[in-house]
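Hello,

Here is the structure I promised to pass on. Please open it first, then read my notes below.

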Amino acid sequence: MAFLFKPLLLVLATTPLLAAAASSCQLTDSTLTLQSYQADPQREHIAMYWRQPNGQDYGSLRALLAAINGDGRVRMAMNGGIYDKAYAPLGLYIEKGQQKVAVNRASGGGNFFIKPGGVFYLRGQQAGIVSLDKLKSTKGMDYAVQSGPMLIENGVINWRLKPSASSRKLRNGVGITQQGKVVFMLSNRETNFYDFACYAKTRLNVRQMLYLDGTISKMYQQGGSIPWQYHPFVSMITVEKR
């Protein structure tokens, strides 16, 4: 009967190697850099904005900051998830506990529909990123935005993201570290999904990561200038002083 155990022993011996290979990565562009802001949801207020009290879209970081940053409380602001042709969030959007747009579980083309999609959310002073197939309830979410694809899940880069991918664009995204900190990221130049995720994983300690948007993306950080926009934003995410 000893021969029956040899294949099993071989599987057991190689499993850690396979796991290590799946969780490792190497940048194909070693000179890639990202702008990033690490937020502590226990000490800072992370919020989302879409429309003004009069029902009109804010539309830009400049307009949003002019409306809410008179006291200088905004430490970081960037565009949120992908929007549709009617300038509404393409998937789930919750602001101040009110669901403005429902979860979108449809299939389609474009980055938003690359599997798995995901949701970045805030519940009180805790932030999370959950893949769409694991999202069971939005109850208790104060803020949430849906986008896609998930770039990193439990420390493993999405297998659909290939180092050889030729599509290189500006990318912005949001990640969660093992310590529960929230990292907002914007590539300083065009990159593919794989390198964007690999940089976040290896340089910024990100364990969960959701892509937000591409070419139009911009980030403001306190003390810097407000970036010029050529395209409107719909949802926007801020980190503010509590």
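Predicted model: local features only at pLDDT ≥ 70, side-chain atom pairs only at ≥ 80, totals over all residues.

β6 and β7 pair in the antiparallel sense, over six bridges. R123 stands opposite Q126 in β7.

β6 also pairs with β8, again in the antiparallel sense, over five bridges. There, F120 stands opposite V145 in β8. How much of β6 is buried? Five of the six residues of the strand (residues 118–123) are, so β6 is largely enclosed by the rest of the structure.

Next, the cores. The largest nonpolar core has 41 residues. F120 is among those with the most contacts inside it, as are I46, M48, V174, V182, F184 and I237. V182 touches F120 as well, and its other contacts include Y37, P41, I46, A127, V174 and I176, not counting residues up to four places away in sequence. A second core is separate and has 24 residues, L151, I157, V183 and Y194 among them.

N205 follows the helix, with a positive phi near 60°.

Now the charged pairs. The count comes to eight salt bridges. Three of them are described here.

- R168 and D195: the closest N and O atoms are 4.0 Å apart. R168 lies in the loop between β10 (156–157) and β11 (172–177) and D195 in α3 (residues 193–204), so the pair ties together parts that are 27 residues apart in sequence. D195 is buried, with a relative accessible area of 0%. R168 is partly exposed, at 34%.
- E153 and K134: the closest N and O atoms are 3.1 Å apart. The pair links distant parts of the chain, 19 residues apart. E153 is in strand β9 (residues 150–153), while K134 is in the loop between β7 (126–131) and β8 (143–147). Both partners are partly exposed, E153 at 21% and K134 at 47%.
- R73 and D71: the side chains meet at 3.6 Å, N to O. R73 is partly exposed, with a relative accessible area of 25%. D71 counts as exposed, at 57%.

What about N69, and where is it placed? N69 is in the loop between α2 (61–68) and β3 (74–79). Is N69 buried or exposed? N69 counts as buried because its relative accessibility is 17%, and the cut-off is under 20%. Its side chain reaches the backbone nitrogen of V74 at 2.8 Å. Leaving aside neighbours within four places in sequence, N69 is in contact with V74 and Y220.

Last, some backbone points to check as you go through the loops.

A cis peptide bond joins K115 and P116, with omega about -15°. P116 is in the loop between β5 (98–101) and β6. Another cis peptide bond joins G148 and P149, with omega about 10°. P149 is placed in the loop between β8 and β9.

Two non-glycine residues with positive phi also deserve a look. Y87 has a phi of about 60° although it is not a glycine. Y87 is in the loop between β3 and β4 (93–95), and is partly exposed at 43% relative accessibility. N154 has a phi near 55°, and N154 is a residue other than glycine too. N154 lies in the loop between β9 and β10. At 51% relative accessibility, N154 counts as exposed.

Over to you.

Best wishes

Methods: Residues numbered from 1 in each chain as written. Heavy atoms only, no water. Helix = DSSP H or I, 4+ residues; strand = E, 2+ residues; numbered from the N terminus. Buried < 20%, exposed > 50% of the residue type's maximum accessible area, 1.4 Å probe, protein only. Polar contact = N/O pair within 3.5 Å; in protein donor to acceptor, adjacent residues only side chain to side chain. Contact = heavy atoms within 4.5 Å. Core = buried A, V, L, I, M, F, W, Y, C linked by side-chain atoms within 4.5 Å. Pairing = 2+ DSSP bridges.
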